[in-house]
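Me: Can you walk me through this one? I'll ask as we go.
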2 protein chains.
Amino acid sequence: MSRIINVAAAQLGPIERSHSRCEVVERLLAHLREAHAMGCQLVVFPELALTTFFPRWYAEDIAEMDAFYERQMPGPETQILFDTAKKLGIGFYLGYAELAHEAGRVHRYNTAILVGQNGEIVGKYRKVHLPGHAAHEPWRAFQHLEKYYFEPGERFDVWRAFGGVLGMALCNDRRWPETYRVMGLQGAEMILLGYNTPVHNPPAPEHDDLSMFHNHLVMQAGAYQNGTWVVGVAKAGNEAGCEMIGGTCIIAPSGEIVAACSTKGDELAIARCDLSLCDSYKNTTFNFERHRRPEAYGLITERRGAVLPAPLAA
Amino acid sequence: MSRIINVAAAQLGPIERSHSRCEVVERLLAHLREAHAMGCQLVVFPELALTTFFPRWYAEDIAEMDAFYERQMPGPETQILFDTAKKLGIGFYLGYAELAHEAGRVHRYNTAILVGQNGEIVGKYRKVHLPGHAAHEPWRAFQHLEKYYFEPGERFDVWRAFGGVLGMALCNDRRWPETYRVMGLQGAEMILLGYNTPVHNPPAPEHDDLSMFHNHLVMQAGAYQNGTWVVGVAKAGNEAGCEMIGGTCIIAPSGEIVAACSTKGDELAIARCDLSLCDSYKNTTFNFERHRRPEAYGLITERRGAVLPAPLAA
């Protein structure tokens, strides 16, 4: 039996600081309707898809940025996304900043949810690999204060949905092979992944012209090495003066890019994703049970940073 | 201080079953001399570089294949490689089948050694990820009996040599991100990797036309994600009727291929490898201490095979 999901990777162009949630939600609804008209069952939006990428600004009082966070999901402005999903029978992945009251205090996360074709939330993911820095660095033209504005999530999960096993990740997670592997070890057949990636990385500007190559390289390798689809979706273009890469694409379990956006604005890339294409990778070269050697992988979980061998005697 | 190693990736064309060790060693010596003439300090040979890829044939008595294994390294036919290395001041990585007497019995490994510019062995690596199968599968035109002819190695190490931190791997190891990561966590700045890869993979022939893409994809991702050089070297061409990929290349810590072979025969690809190029990756995006999240990676070492989530209730 073939198991096909028609997926739309729903890239967004810039969202300015002044844009209201309702304005942004209108753009998401346009993507949902267009994707539905093209026969899709699942739409993948970017990371922090409801607002501008606010971690580029420092606020001494972190609560000054709370207007960028969602206190409920669905909330008053986002309910219509769920209602439309249900009406059209089309699910979605959505990244947003989450403000949660748990265990007696406020928590802030960089979050994504997966919503089914019935408009119900299937699962929630909180970003594990927060990039950037935790303290204000005034020398940067733009901050990347994710370690300041968010607490990290603690786990990568997968969910049975859309006839397959789906996982979620966010932005910087995609650079870490552990991200894909932890989900691959739970049988992931499709990993959904939104991102906001500035072209310019202030600590290492010498790599700026490779940002698109690196974006694709890590997602293609993650797909192939786990025999899974990967759907990577950008918020792209010049947002508040900060240039962000596009490069939205849908990657097959072969590692091949099978659909891609070519602009830096609101754009859909669509692919008919056959989950059964995962099988020939998962059952042969990447049959984990047969070929993995966890007894040789101890350092991956024992050690966070690199520890070099002792220097040679002089 | 720049730390530069001039490296030659020394691809070999086919070695037939009838070729003697001395004939093969002559080809390796030609590579050593040519690389030395071009100012190299390190030559990287393929996996099983002294013989044909004998695991493509089944022998009911495994000892029938013992002529393909080395009992000593250096041995009578290989001593000249070490002598030449010392004389020219050029080190090498060499893959070979190893027959060892340890703990009172015979062991067989798929092994690589690193030899320094003084002709002394710096380190030895025994292949961790043995691909293929352990039982004769007569339906295959060519066997891939590495799980039959070899015991697996148990660890990935690195060594201080050539002014840097060097690691070794072999063939199928390159497809597994854990390979690079375990060495990256020990500070690897250059990973040396020989391979023998048939174009045709009998269990999944539908991927055959992607074999070169996959070859490069995994090595480029491993380099970038660990901020390390990777030197991947093929035994290539039609060996005993079995077509093997070439694709020998030297990959920078950026993930870019900076030197490559273009034939399937004996050929050198040469690059001036500046180990200090690793630093801007290891200190920024891939600053492991700052950004890795081992607390979320538990499954990588706890689990060998994939375990899927429970099916949805009907």
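Me: What stands opposite Trp159(A) in strand 8 of chain A?
Reply: Leu166(A) does. This is a predicted model: local features need pLDDT of at least 70, side-chain atom pairs count only at pLDDT 80 or more, and totals for chains, interfaces and linings use all residues. Residues are numbered from 1 along each chain as its sequence is written, chains are lettered from A and ligands numbered from 1 in the order in which they are written, and side-chain values use heavy atoms, with hydrogens and water left out.

Me: How do strand 7 and strand 8 of chain A pair, parallel or antiparallel?
Reply: Antiparallel, over 4 bridges. Strand 8 covers residues 164-170. Two strands pair if DSSP finds at least two bridges between them. Strands (E, at least two residues) and helices (H or I, at least four) are DSSP runs, numbered from the N terminus.

Me: What's the strand order of the open sheet in chain A?
Reply: 7-8-9-10-13-14, with mixed pairing. Strand 7 (158-161) and strand 14 (257-260) of chain A have a single partner strand each, so one side of each is left without a neighbour in the sheet. Neighbouring strands are turned by 20° against each other on average, direction ignored. Axes here are lines fitted to C-alpha atoms, for helices over the stretch in contact, and angles run from 0 to 180 degrees between N-to-C directions.

Me: Which helices pack on it?
Reply: Helix 4 (residues 177-184) of chain A touches strands 7, 8, 9 and 10 of chain A, and its direction makes about 155° with that of strand 8. Helix 5 (residues 211-226) of chain A lies across strands 9, 10, 13 and 14, at about 30° to strand 13. Contact means heavy atoms within 4.5 Å.

Me: And chain B, what order there?
Reply: An open sheet of 6 strands, 7-8-9-10-13-14, pairing mixed. Its edge strands are strand 7 (158-161) and strand 14 (257-260) of chain B.

Me: How many bridges join strand 9 and strand 10 of chain B?
Reply: 6, and the two strands run parallel. Ile191(B) has Val230(B) as its bridge partner in strand 10.

Me: Switching topic. At what angle do helix 1 and helix 2 of chain A pack?
Reply: About 10°, with their axes 10 Å apart. They are therefore roughly parallel to each other; angles under 35 degrees count as that, over 145 as roughly antiparallel, 65 to 115 as roughly perpendicular and the rest as oblique.

Me: Which residues make the contact?
Reply: Among them are Val25(A), Leu28(A) and His36(A) of helix 1, and Ile80(A) and Leu88(A) of helix 2.

Me: Now the interface. How much area do chain B and chain A bury?
Reply: About 6700 Å² between them, 60% of it on carbon and sulfur atoms. Buried area is the accessible area (1.4 Å probe) that two parts lose on being put together, summed over both. The contact takes 71 residues from chain B and 71 from chain A. In chain B, Arg160(B), Trp176(B) and Arg304(B) lose the most area to chain A, together 12% of what that side buries.

Me: How many salt bridges between the chains?
Reply: 8. One such pair is Arg304(A) with Glu295(B), at 2.9 Å, N to O. A salt bridge is a side-chain nitrogen of Lys or Arg within 4 Å of a carboxyl oxygen of Asp or Glu.

Me: Where are the cis peptide bonds?
Reply: One joins Met73(A) and Pro74(A), omega about 0°. Another joins Met73(B) and Pro74(B), omega about -5°. Pro74(A) sits in the loop between strand 3 (69-70) and helix 2 of chain A.
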